[in-house]
Amino acid sequence: MTTNRVVEVISISSFRIEKLTSATNVDWQHPLLEIFRPQGLPQSAKPSKLYLVPSRFDDEFDPDFAPEPTSARDLPELQGWTERFAHSIVEIWAGRRSPRQVESLCHHRIFSELVRQSGSQKEIGHIRKIHIQEPLDGICEATITIRYEDRLRAMLVRFEGIDKRWLCTALILL
C-alpha cells in the first residue's frame, strides 16, 4: 500500500518588509521581551538635603554653642548603631541596665522619661525586626518590633545627627 503525499507549492513573487512605526518602544511591548529592554542611563543622584534646625524642645542656647546639624556621612553607621541602642533600651526597661549608660545618646527630656520608665517591663524583650527610614540627611526614624512572651510591641525612635553624633530625640513604646 502506498500513500501519495500532496505537496502544495506556494510561490511568492515579491516580498516586502515595512517598518510599522518609528517608535522605539513598540519593539519591547511583548511581555517576554520586556526583560531584555535596554536600560536608560542612570540618573545622577542629587545630594540629599540636610535639615537645618535640630529639635530643641524649647531649650535656649547661646548662638555660639547651639547644636549643629550633622550630615549622615559624618555619623556612625546607622543599622548597627540603631540595633545596639535598641538592645540597651530594652534592657533598661527590664531593669537590667542603668539608664546612665545611654545618657549621652539621648536628649535630656528623653533621658528623664527613660529613667522614669526604667524597670517597667517584667522581662527583657527580644528584638525581631528593625526598619529604618531617613526622611532627610542627618535624620533617622526607626520602627523596632519587640516580642514580650506572646505579645508583640513596637518601639518608635527618632535620631538626629547633632554635633557629630546620633542623638535620640523621640522614644515611644507602643
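A nonpolar patch is made of nonpolar side chains joined within 5 Å, from residues with over 30% relative accessible area and no salt bridge. In this predicted model, Leu 156, Ile 172 and Leu 174 form such a patch on the surface.

**Overall layout**

- The protein has two helices and four strands.
- Of the 174 residues in the protein, 30% are buried.
- Among contacts with a separation of 6 or more, 53% join residues 24 or more positions apart.

**The nonpolar core**

- In soluble globular proteins, nonpolar side chains tend to be buried together.
- Here the largest nonpolar core has 27 residues, and Ile 89, Met 155 and Leu 171 touch the most other members.
- At least two residues of this core come from each of α1 (78-93), α2 (108-117), β2 (139-148), β3 and β4 (165-173).
- Helix α1 gives the largest share of the core, with eight residues.
- Leaving aside residues up to four places away in sequence, Met 155 touches a list of residues that includes Ala 86, Ile 89, Val 90, Trp 93, Ile 144, Ile 146 and Leu 171.

**The aromatic rings**

- The structure holds three aromatic pairs.
- Trp 81 and Phe 85 are a stacked pair, because their ring centres lie 5.6 Å apart and their planes meet at 5°.
- These two residues are four residues apart in helix α1, so about one helical turn separates Trp 81 from Phe 85.
- Trp 81 also pairs with Phe 159: the ring centres are 4.7 Å apart and the planes are at 85°, so this pair is edge-to-face.
- Because Trp 81 lies in helix α1 and Phe 159 in strand β3, their pair ties together parts that are 78 residues apart in sequence.
- Both Trp 81 and Phe 85 are buried, and Phe 159 is buried as well.
- Through ring pairs, Trp 81, Phe 85 and Phe 159 are linked into a cluster.

**Back to the surface patch**

- Together, Leu 156, Ile 172 and Leu 174 have about 260 Å² of accessible area.
- Leu 156 belongs to strand β3, which covers residues 151-162.
- With a relative accessible area of 31%, Leu 156 counts as partly exposed.

Methods. Residues numbered from 1 in each chain as written. Predicted model: local features only at pLDDT ≥ 70, side-chain atom pairs only at ≥ 80, totals over all residues. Heavy atoms only, no water. Buried < 20%, exposed > 50% of the residue type's maximum accessible area, 1.4 Å probe, protein only. Contact = heavy atoms within 4.5 Å. Patch = residues over 30% accessible without salt bridge, like charges linked within 9 Å, V, L, I, M, F, W, Y side chains within 5 Å. Areas by Shrake-Rupley, 256 points an atom, 1.4 Å probe, with all protein chains shown as cover. Salt bridge = Lys/Arg side-chain N within 4 Å of Asp/Glu carboxyl O. Core = buried A, V, L, I, M, F, W, Y, C linked by side-chain atoms within 4.5 Å. Phe/Tyr/Trp six-rings, centres within 6.5 Å; stacked < 30°, edge-to-face > 60°.
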